Amino acid sequence: MPTAVTALLLITQLAVIRPALNRRSERVLAGENPPRSRTHLVYVALEVAKVAALLTLGVSAFAV
């Protein structure tokens, strides 16, 4: 189960969140002033959840 959760979090980050962050950063670099976004906070939250899932996976590997 921790493996599936980790994979799902990673796929969500790569396929959904990171492209949105890249589009926004390209707009900022082009000189635009886009509205504030909470996308980065979502990315960080997913990263924290991914670390927790990886720790769970590591602990369960040693428990066997």
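**View 1. Surface of the predicted model.** The protein chain exposes about 5,000 Å². Carbon and sulfur atoms supply 69% of that area. The model is predicted, not experimental. Buried residues account for 16% of the 64 residues in the protein chain.

**View 2. Overall fold of the protein chain.** Two helices and zero strands make up the secondary structure elements of the protein chain. The radius of gyration is 16 Å, well over the 11 Å from the globule rule for 64 residues, so the chain is more spread out than a compact globule. The C-alpha trace spans about 55 × 15 × 15 Å along its principal axes. Take contacts between residues at least 6 apart in sequence: 62% of them join residues at least 24 apart.

**View 3. Helix α1 and its bend.** Helix α1 covers residues 2-29, 28 residues in total. From first C-alpha to last it reaches 38 Å, close to the 40 Å expected at 1.5 Å a residue. At isoleucine 17, α1 bends by about 40°. Proline 19 follows within four residues of that bend.

**View 4. Buried residues of α1.** Thr6, Leu9, Gln13 and Ile17 of α1 are buried. Residues three or four places apart in an α-helix point the same way, because there are 3.6 residues a turn. The cover over the buried residues of α1 includes α2 (39-63). Ile17 is both one of these buried residues and the site of the α1 bend.

**View 5. The residue after α1.** Glycine 31 follows α1. Its phi is positive, near 100°.

Notes: Residues numbered from 1 in each chain as written. Predicted model: local features only at pLDDT ≥ 70, side-chain atom pairs only at ≥ 80, totals over all residues. Heavy atoms only, no water. Expected span 1.5 Å × (residues − 1). Bend = angle between axes of the 7 residues up to and from the residue. Buried < 20%, exposed > 50% of the residue type's maximum accessible area, 1.4 Å probe, protein only. Contact = heavy atoms within 4.5 Å. Rg over C-alpha atoms; globule rule 2.2 N^0.38 Å. Areas by Shrake-Rupley, 256 points an atom, 1.4 Å probe, with all protein chains shown as cover.
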